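The following report describes a structure for a reader who works with coordinates and cut-offs. Please keep the sequence and the model at hand while reading.

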Amino acid sequence: MLPINETMGQYSELFMLLAAGTYTVAFIAFAWDLAKSSKTLRAVDLKAAELSGAAAARVPVAAGVGASSSSAAGAVDRADGDVAGPVGRAERPTSSVAGGSAGNAAGIGQTADGAMRYSAERRAPARVAVALTVLGAAIHAAGVITRAIGAGRVPWGNMYEFLTTGAFVAVAVFLLVLVRRDLRFLGTFVVGLAIIMLVAASVAYWTPVGHLVPALQSYWLIIHVSIAVLSSALFTLTFAMSALQLVQTHRQKTIAAGGADKLGFMRLVPSALSLENLSYRINAIAFVGWTFTLMFGAIWAEKAWGRFWGWDTKEVWTFVIWVVYAGYLHARATRGWTGTRAAWLSIVGYLCVVFNFTIVNQFFNGLHSYSGL
Amino acid sequence: MSERVNEEKKSPAPGKSGGTELDASSGGGPSGKPGKSGGSPVAAAKAEAVLPTLGPLGMLRWAWTQLTSMRTALFLLLMLAVGAVPGSLFPQRPANPSIVTQYIKDNPDYGKILDSLQLYDVYSSAWFSAIYILLFISLIGCVVPRAIAHYKAMRSQPPRTPARLSRLPEYGTLVIPAGAGIPASRAIDDAAGLLKKRGYRVDVRDRDGARPSIGAERGFLREVGNLVFHTSLIGVLVSVAIGGLFGYSGQRILVEGDTFVNTLVGYDQFTPGTNFESSQLEPYSVQLDKFQITFDRESQGKIGQPIDFQADVTTRESPDAPAQKEVLKVNDPLTLGGTSMYLTGNGYAPVVTIRDGDGNIAMQGPVVAKLQGDNYYSSAVIKVPDAKPEQLAFAGFFLPTAFVTEEGVSFSGDPELFNPQLTLNSYYGDLGLDDGSPQNVFELDVKKLTPLNARNLDAGGITLAPGATYTLPEGKGTISFDGVKRYIGVDIHHNPGQLYALIFALLAVAGLVTSLYVNRRRVWVRTGTHADGRTMVEYGLLARGEDHRLAGEAVAIRRLLAGAWDLDDGGSQSAPSGGADNGRADTTLPGAGAGAGAGAGAGAGAGAEQDSPDHPAADFIQSTAGSSESQKEQ
Ligand code: HEM
């Protein structure tokens, strides 16, 4: 057991506060991006309406490219986002992500690329926001690492550490996904959540660096909890996407029915179908992660308490989450349960994750009551 | 699953050729009753929608189809999630029977009602069992037919080449110049070779005809993975049941120096499984030599918290096996004779010697003190049935580091033995032990006893430091506090299902990952010679199940083909829509055109006749597991 280093612990707390501050500025930049872009996009749209004749003429070209298009030019993307591929062609939901969305309401009021690739168009505030988030994450990482050094162990042994490390993982996963996909429209959500977690950790759950109780001294803590936190971070992304999917579906329907587009900023957000498809893919990864969480938890429970499953409250909720997401995966394969209903299941699943992490850790008695409170 | 399987049964000719699905009716309303009508699926569906008189057998079959439908599985899964929740809201008997009793007492208005709903035994309740049993029956009903169908699919050729490849989600064409000297038949051989290398199972059709084609398929493992996953879940459940039937568990407290022998009498508490037999116990022994605790002396706010427990033990596999030194720790159980031993509790055991009124030693040894408060503030109960002429009893507290406040309240200031103290009241009389009825060793019923020492009596209470002896009033005897030992509580478990549960769980994960990340794909390629001598190649791809990399696969295959024939294809994945010849969708073979108008009739490839005019390629369009938005919302 390594000795405690309180100075490091204090540095860590300083880093956490600095990170929260940086995130706050990033949050403002993300929000500014949403506001500004929705204005610009409206202007672009008006112009596009004038040029619609010309756009229509290009469609056949774009359609030929359709299926595997990852073309960079934003203008082309807009065109093929509306109509892609040969008429009436079978559209696999997940493979269709790449080609924008076909044949449904997606085209209406839609601006963002269904493939969620970066377009050539520059969004200065968004760039600033991402840069700030990277900076914040770097400081945050320093905070997590100094905490680990200060305590001489992995920094996830109590609520304070779950929150600070969890927030870091959520931001890091978000940034990693950003490398491949333009999910900047989730920025306010992810960064906002990280701020909330950091503030909650510092205000409500502050715990000085310390040793672990013997029950937690196991390499399974490292394996089990890290996978749980990673999966939760992925679930966080899909939760936000599913929520946006519901809003977008509603908006697409309103517009299709001739209603006014009241949610201009949602233009930055891809179509409901694209959101659903990407969140399905992320949920599938996270589900595998959660399966491991459950299994490793069971193996650990066997080592620590002599039984691999005992319906302890924490175990119950981990199981409930697993079953809800299994239901989600099934829903995607069940006629009549895709789309909105699947999105609701994804949301319910995430609410269970949050519940398991907050309420269960704090207010339910069980063998897992070592949240450091 | 069942829907698809049934769908395959139902679909006319292609069904035999290995699982082509019908998008139009797969999983739709009256979910796949095995209609025998050989007609179009739509007609079959309509016929079923009328619901003719089914008869008892028909009803049964209908119920079975309902139960094994995907929708039911989903519903049962969600029920399972909901059903598990109350078990975390209410105290549960298996974990804590006494808390449940207390809870019912505390809530007289609804405590009993909850009990009648089995809410204190959620996980063995009739309703929870019903949910998971139905779920698993449904699961078996899914897996078996699906496994059979998949077995057949794996042994049959890839499905026939669709008339219009252009209707497939991924489609493209290539043109080999007339001068290259690659006729249609050679082009098809090349393509077959490339696809084989890429792991596809390939079937060449009509090689020397005018319009040779290949059907290719790969990714059968996806379905295998799915089947393995679901089957393994059954395995996990069965393993858990086996553990409950043949396992056992028990508890024992061991003071330093004590030896536990694995026989029924060796346990303080024993819980056998339903089918347990005492011959299952192997007579190994474990002696506790020493128990050490490290307390936190540096963390702010946590000073005095234990941060390490270590029990040094000597074990013997059997009475005459050699002794072995081992270490038992939290998170690090001992395994012996098919059981595991876990360190679950600990505390102090003051050692006392008690002489009775006749001056004989009536009791000597450690007394297990039960933890009551902070810093090992513990209660001690000593019963001395052997004392003569009068039986003696003591009850009080043990404090490892005793402090007394100004008000006279004593507390323990530290978990370590800095100032150990035993404070006791004493009693004499009939302990009621002689009639053999069991008593809790940690509790003393003083109702029938006469107090000797207590704070409110003249004699006062007994306060002892190690080494001290106290003489009881009225010549009833003496008590000496000789020293302090530590004790541990251990749980011993035997669960024969555990290993199997682990194996099945690992299998399940392997199956899950396979089924999520192996993509099942079909590729068709068709070639033909243009009037001007160029060899035209068209290809189409189709995924079964979720597959977001289908487009990437199309690009890769295109690149391979173009490379094989040295075609300048622009090289990049952004398709060469400009190149007149090798564009993707703008050059098509006659008779298999992309445009809606291009006739399906004349000269089309094999099987084109079967396509009804309004659903030209319906047979080849994957049942869209996750259907598109428009379908969902309406
Ligand atoms: C113990 C209950 C069950 C659990 C936990 C469960 C879990 C899952 C999971 C996690 C998946 C997605 C991964 C994969 O494709 O392998 C899946 C897929 C699937 N399950 Fe289940 N399942 C259960 C019961 C059932 C039952 C009763 C049925 C049949 C009615 C069924 C039919 C299917 C089918 C057809 C798929 C493939 C979906 C697709 O093609 O995407 N499952 N199941």
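## Backbone, metal site and sheet

Tyr376(B) lies in the loop between β13 and β14 of chain B, where helices (H or I, at least four residues) and strands (E, at least two) are DSSP runs, numbered from the N terminus. This is a predicted model, in which local features need pLDDT of at least 70, side-chain atom pairs count only at pLDDT 80 or more, and totals for chains, interfaces and linings use all residues. Residues are numbered from 1 along each chain as its sequence is written, chains are lettered from A and ligands numbered from 1 in the order in which they are written, and side-chain values use heavy atoms, with hydrogens and water left out.

Phi of Tyr376(B) is near 60°, a positive value in a residue other than glycine, and Tyr376(B) is buried, with a relative accessible area of 8%. Here buried means under 20% relative accessible area, exposed over 50%, and partly exposed in between, with a 1.4 Å probe and protein chains only. Asn375(B) is placed in the loop between β13 (370-371) and β14 of chain B, and its phi, near 50°, is likewise positive in a residue other than glycine; at 24% relative accessibility, Asn375(B) counts as partly exposed. A further backbone feature is the cis peptide bond from Lys388(B) to Pro389(B), with omega near 0°, and Pro389(B) is found in the loop between β14 (378-384) and β15 (392-399) of chain B.

The two chains can be set side by side in a table. In it, a contact means heavy atoms within 4.5 Å, and accessible areas come from the Shrake-Rupley method with a 1.4 Å probe, only the protein chains shown counting as cover for residues.

| Property | Chain A | Chain B |
|---|---|---|
| Secondary structure | 10 helices, 0 strands | 13 helices, 24 strands |
| Buried residues | 62% of 373 residues | 51% of 634 residues |
| Accessible surface | about 14,000 Å² | about 29,000 Å² |
| Part of that surface from carbon and sulfur atoms | 71% | 58% |

Which protein atoms are donors of the iron atom of the ligand? They are NE2 of His330(A) and NE2 of His230(B), lying 1.9 Å from the iron, where donors are N, O and S atoms within 2.8 Å of the metal (3.2 Å for Na, K and Ca) and, water not being among the atoms, sites may look incomplete. This pair crosses between chains, from helix α9 (residues 313-331) of chain A, which holds His330(A), to helix α10 (residues 220-246) of chain B, which holds His230(B). Both histidines, His330(A) and His230(B), are buried. The 6 donor atoms around the iron atom subtend angles of 74 to 178°, and therefore the arrangement is octahedral; six donors count as such if opposite donors are over 155 degrees apart and all others between 65 and 115.

In chain B, an open sheet of 4 strands has the order β5-β7-β8-β9, with antiparallel pairing; two strands pair if DSSP finds at least two bridges between them. Because β5 (259-261) and β9 (324-328) of chain B each have a single partner strand, they stand at the edges, and one side of each is left without a neighbour in the sheet. Strand β5(B) is joined by 3 bridges to β7 (residues 285-295) of chain B, the two running antiparallel, and Phe260(B) has Val286(B) in β7(B) as its bridge partner.

Notes: Tetrahedral: all angles 85-135°; square planar, octahedral: opposite > 155°, others 65-115°.
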